[in-house]
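Welcome, and please take a moment to look at the model below. The briefing that follows walks through a few of its features, topic by topic.

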Amino acid sequence: MVEKEHLNTTLICRIQEHANQSVTLNGWVYNSRRSGKIGFLLLRDGTGTIQCIIVKNDVGEDQFESFKSLTQESSLSVSGTVVENERAPGGFEIQVNTLTIHQVSEEYPITPKEHGTEFLMNNRHLWLRSKRQHAILKIRHEIIKATRDFFDSNDFTLVDTPILTPNVCEGTTTLFETEYFGQRAFLAQSGQLYGEANAFAFGRQYNFGPTFRAEKSKTRRHLLEFWMVEPEIAYCDLDEDMVWAEKMLEFIVQRVLENRKFELEILERDTSMLEKVKAPFPRISYTECVDMLKEGGFDFQWGGDFGSPEETYISEKFDRPVFVHRFPSAIKAFYMKRDPENEDLVMGMDVLAPEGYGEIIGGSEREADHDTLLKRINADGLSLDDFQWYLDLRKYGSVPHAGFGMGLERTVTWICKLSHLRETIPFPRMYGRLRP
RNA sequence: UCCGGUGUAGCUCAGUUGGUUAGAGCAGCGGACUGUUAAUCCGCGUGGCGUAAGUUCGAGUCUUACCACCGGAGCCA
């Protein structure tokens with residue numbers, strides 16, 4: 001921790017350490033009210049908000065006049081005494097001696113009233129200052145930190161994977177294409193294949209970075225640029241893969257419950273559902289799901305891929321996240337290991353979040369045999385040039401290995417119980433929106 | 001790309017079966033108030049009714065096309 005004497009700023013989140021002391025706070029006007037000769041200024045500094053009291057008889061005519069000139073989001077510093085007062089939101093307030101205005105804000109577009117999402121998204125650079133957005137992004141940060149802490153404390157190494165790639169990883173989705181000095185290149189849709197190389201070098205690795213999919217998706221569950229954490233574990237089978245996934249989710253949710261109570265309250269999140277997120281999670285096979293769907297009145301044939309309504313139906317049957325495993329091989333990627341007991345199935349799994357949120361994790365045990373994998377690559381019509389290095393992994397000490405990818409924004413959406421994932425990333429990239 | 005919905009002031013919306021001057025709240029500006037919590041009270045302003053064409057004596061209101069946005073499907077994390 002950097003010692004206080006080196007720093008210019010006292011933070012509002014630390015204000016209780018300064019009770020009855022003189023402090024200077026630097027921030028912005030969140031709201032201000034006046035009642036004759038007493039003024040109430042809600043100051044925001046990014047770590048919290050605190051009420052500042054400006055009394056005309058204490059600060060003098062000039063200072064009071066400059067207080068009156070303040071508009072929403074004007075920047076200023078206030079000096080005064082920290083006092084405990086139960087009338088103040090937060091319990092502490094500042095009795096102001098002096099205030100220094102840095103800039104009087106022009107008419108601020110985001111008012112305390114309601115706004116539509118298009119307007120707010122156009123003003124995303126300002127919207128981030130609002131209470132609700134602030135709470136969501138604080139929880140996002142907590143989830144990222146918990147994820148890293150979970151893997152770090154379980155002997156994983158963070159090994160980053162490239163964003164510019166020559167190959168089409170799964171060959172199913174459309175990728176953003178760019179030019180790499182005369183060669184075709186793509187923005188990575190996953191770091192998984194590189195993660196497998198890393199796992200054979202480090203044993204347990206995870207990568208955590210942005211991924212890109214050039215789909216014209218117009219739903220509440222899709223972004224074109226989103227963040228994914230992808231652990232990959234050597235000497236790991238599907239069963240152990242599921243244990244890693246459920247222990248990770250349990251850890252993340254507990255951390256958010258412990259450290260982000262205030263933010264969950266702002267979002268009016270009912271935490272009773274989150275408290276139930278304890279391992280082990282139910283494990284049901286794809287085939288069992290098909291039966292559940294048929295019983296539920298769905299017209300669904302074995303072999304088809306679950307759409308969003310199917311996922312929602314299944315996840316609502318359980319009070320905690322649920323694993324769906326062993327999908328038909330025909331609908332899954334070439335690198336997934338076939339079920340030794342049934343060639344028509346792959347050793348893959350998805351995690352469906354509760355409360356109808358659907359898929360947040362997709363993973364599998366990978367095909368470890370060189371010749372089998374080569375056959376799949378050829379069958380899918382993928383370029384051998386691009387996958388030679390990947391096949392190499394099966395030539396030099398191949399072992400059973402497994403991993404999964406968790407969509408960060410989908411996880412944040414579920415934990416915050418939002419109706420749309422666009423608020424879970426500071427600057428969302430969606431179909432039809434590149435700015436701001 | 002397909003299906004459904006919306007488009008009126010800076011923002012959120014109202015606007016009757018088409019009828020002549022287009023309406024409210026918030027934000028903004030001026031004033032009152034020494035404990036406000038989206039403060040309250042008084043006063044002041046703002047409009048190419050998404051764009052283009054059509055029907056009609058008359059269109060914010062009806063018709064068609066286009067555009068933008070929202071929701072859903074597909075793709076998936």
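Two strands pair if DSSP finds at least two bridges between them. Helices (H or I, at least four residues) and strands (E, at least two) are themselves DSSP runs, numbered from the N terminus. This is a predicted model, in which local features need pLDDT of at least 70 and side-chain atom pairs count only at pLDDT 80 or more, while totals for chains, interfaces and linings use all residues. Residues are numbered from 1 along each chain as its sequence is written, chains are lettered from A and ligands numbered from 1 in the order in which they are written, and side-chain values use heavy atoms, with hydrogens and water left out.

**Paired strands**

- Strand E7 (residues 164-165) pairs with strand E9 (residues 183-187) in the antiparallel sense, over 2 bridges.
- Here threonine 165 is found opposite phenylalanine 186 in E9.
- Strand E8 (residues 177-180) also runs antiparallel to E9, joined to it by 4 bridges.
- Threonine 178 has alanine 185 in E9 as its bridge partner.
- The hairpin of E8 and E9 has 2 residues between the strands, and phenylalanine 181 takes a positive phi near 45° there.

**Around the RNA**

- RNA strand B is surrounded by 54 residues, and the closest are Arg33, Arg213, Arg220, His222 and Arg410; a residue is near a molecule or strand if one of its heavy atoms lies within 4 Å of it.
- Several elements each supply at least two residues of the surface near RNA strand B, among them strand E1 (22-35), strand E2 (38-44), helix H2 (117-122) and helix H10 (308-315).
- Sorted by class, this surface near RNA strand B has 22 polar, 19 charged and 13 nonpolar residues. For this count, Ala, Val, Leu, Ile, Met, Phe, Trp, Tyr, Cys and Pro are nonpolar, Asp, Glu, Lys and Arg are charged, and the others, Gly among them, are polar.
- Sugar or phosphate accounts for 53% of the atoms of RNA strand B within 4 Å of the protein, and bases for the rest.
- A polar side-chain atom of glutamine 51 is 2.7 Å from a base oxygen of RNA strand B.
- At a phosphate oxygen of RNA strand B, a polar backbone atom of lysine 37 lies 3.3 Å away.
- Glutamate 359 has a polar side-chain atom 3.1 Å from a phosphate oxygen of RNA strand B.

**Aromatic rings**

- There are 21 aromatic pairs in the structure; rings of Phe, Tyr and Trp (its six-membered ring) pair if their centres lie within 6.5 Å, and planes under 30 degrees apart count as stacked, over 60 as edge-to-face and the rest as tilted.
- Phenylalanine 156 and tryptophan 244 form an edge-to-face pair, because their ring centres are 5.1 Å apart and their planes at 85°.
- This pair links distant parts of the chain, with phenylalanine 156 and tryptophan 244 88 residues apart.
- Phenylalanine 156 is buried, at 6% relative accessibility, and tryptophan 244 is buried at 10%; buried means under 20% relative accessible area, exposed over 50%, partly exposed in between (1.4 Å probe, protein chains only).
- Phenylalanine 334 and phenylalanine 387 have ring centres 5.5 Å apart and planes at 80°, so this pair is edge-to-face.
- Ring pairs join Phe150, Phe151, Phe156, Tyr206, Trp244 and Phe251 into a cluster.

Conventions:
Polar contact = N/O pair within 3.5 Å; in protein donor to acceptor, adjacent residues only side chain to side chain.
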